[in-house]
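Here is a short tour of the model, written to be read with the structure open beside it.

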Amino acid sequence: YLEAIDPNAFSASKKNECACLHNHVDHLVLGRAKNNTLELRTDSHGLYYISSVPNTTAGNDLLELIRGGYVYQSSFGFTVKRQIWEEVDKGTLAGIVDAAVLDRLAYGGKVEIRRIMEVGELFDVSPVTFPAYTDTTVAQAYRSRQKAEKGDTQKIFQQLRIMDMDLRMKAMAVEMEREKQN
């Protein structure tokens, strides 16, 4: 099946315990909503976050991986509060979803879609190597890089920023196909 997330799905979700983690690993903490080192917002594109990354080995290693282009995508962990399952004609997804993915998922010319309408709780947001939603991106925020280049040594917090976390209702293939093949 395909999974799509409504851009407003995170609006009312519980986020106060959310953490920014590298690859969803709970001991690689990069920020927390509770101590204001993680800012979470939603906009017309979906979920957006900025994390003040600590000056730790894990934080500095991740920033180097981002600068080098080794880590450039993002993911999130959450519970579903409300979802809708539906079948749509394969043709309605042409040009939105890769044709090879549609061919694998179509059954009798139909594709099943899980639309996540409301998220219950957002547990983590994570810069990752392999995201479920491949259109997500992560980058070091320009203002932090600019501060570092100017030699600003006051509170050297690096920023991670999810840009273009475009989780609109366009259906995105979940990597469930990869799991099915394994």
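## Surface and burial

Accessible areas here are calculated by the Shrake-Rupley method with a 1.4 Å probe, and for residues only the protein chains shown count as cover. On that basis the chain has an accessible surface of about 10000 Å², 49% of which belongs to carbon and sulfur atoms.

This is a predicted model, where local features need pLDDT of at least 70, side-chain atom pairs count only at pLDDT 80 or more, and totals for chains, interfaces and linings use all residues. Residues are numbered from 1 along each chain as its sequence is written, and side-chain values use heavy atoms, leaving out hydrogens and water.

Of the chain's 182 residues, 43% are buried; buried means under 20% relative accessible area, exposed over 50%, and partly exposed in between (1.4 Å probe, protein chains only).

## Overall layout

The chain has four helices and ten strands. These are DSSP runs numbered from the N terminus: helices are H or I with at least four residues, strands E with at least two. From the N terminus, the order reads β-β-β-β-β-α-β-α-β-β-α-β-β-α.

Strand 4 (38-43) pairs with strand 5 (residues 46-53) in the antiparallel sense over six bridges; pairing requires at least two DSSP bridges between the strands. L38 has S51 in strand 5 as its bridge partner.

## Two loop residues with positive phi

H24 lies in the loop between strand 2 (19-21) and strand 3 (29-32). Its phi is positive, about 65°, although H24 is not a glycine. H24 is partly exposed, because its relative accessibility is 34%.

N36 sits in the loop between strand 3 and strand 4. N36 also has a positive phi of about 65° without being a glycine, and N36 counts as exposed because its relative accessible area is 69%.
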